[in-house]
Amino acid sequence: MTRSRYRFLPHTADLRVEVRGKNLPELYASCIETLFSLLTDRRRVRESGSRILTIEGASPEDRLFFLLREALLLFEIDRFLARRAHGTIQGNQVTMAVFGEFVDSSRHSLGREIKAVTRHAMTVGRRPDGFVARFVVDV
């Protein structure tokens with residue numbers, strides 16, 4: 001049995017999520033995958049296409065916020081669902097390849113609606129076993 005890289009945390013409203021990764025690129029990729037896990041069952045999403053997200057931010061939290069915001073726009077505007085993400089970091093710039101497909105209503109059951117990813121209470125920290133991020137989504 002594999003250990004999940006994310007868990008839901010108690011929060012007075014919305015959803016607060018904790019995500020782990022061995023390094024920052026893996027952490028950011030896991031955060032994007034977690035966001036899409038809130039939208040649909042990612043196991044039913046095929047990797048038939050890809051999109052590239054490129055953002056810049058001064059801090060790890062800024063970079064995470066901008067990435068999640070771009071990923072949510074990818075879904076809201078293009079109706080693109082991600083199954084997997086993989087990225088690199090160079091300085092303050094993150095480039096993330098997102099692999100998935102467009103929504104197919106015959107296979108994809110869309111769960112909760114996510115209105116926004118909030119900057120409030122967003123943290124990115126280092127731990128002995130890697131990195132951890134916490135963020136809140138407005139549902």
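Student: Which residues does Thr40 touch, not counting residues up to four places away in sequence?
Tutor: This is a predicted model, where local features need pLDDT of at least 70, side-chain atom pairs count only at pLDDT 80 or more, and totals for chains, interfaces and linings use all residues. Residues are numbered from 1 along each chain as its sequence is written, and side-chain values use heavy atoms, leaving out hydrogens and water. Taking contact as heavy atoms within 4.5 Å, Thr40 touches Val45, Leu81, His108, Ser109 and Leu110.

Student: Is Thr40 buried or exposed?
Tutor: Buried means under 20% relative accessible area, exposed over 50%, and partly exposed in between, using a 1.4 Å probe and protein chains only. Thr40 has a relative accessible area of 8%, so this residue counts as buried.

Student: Which residue has its backbone oxygen 2.9 Å from a polar atom of the Thr40 side chain?
Tutor: Look back at the neighbours of Thr40, which include His108, Ser109 and Leu110. The backbone oxygen at 2.9 Å belongs to Ser109.

Student: In what order do the 3 strands of the open sheet run?
Tutor: Strands here are DSSP E runs of at least two residues, numbered from the N terminus, and two strands pair if DSSP finds at least two bridges between them. The edge strands are β3 and β4, each pairing on one side only. With antiparallel pairing, the order is β3-β5-β4.

Student: How many bridges join β3 to β5?
Tutor: These two strands run antiparallel, and Thr54 stands opposite Thr95 in β5. The number of bridges joining β3 to β5 is 8.

Key
Polar contact = N/O pair within 3.5 Å; in protein donor to acceptor, adjacent residues only side chain to side chain. Helix = DSSP H or I, 4+ residues; strand = E, 2+ residues; numbered from the N terminus.
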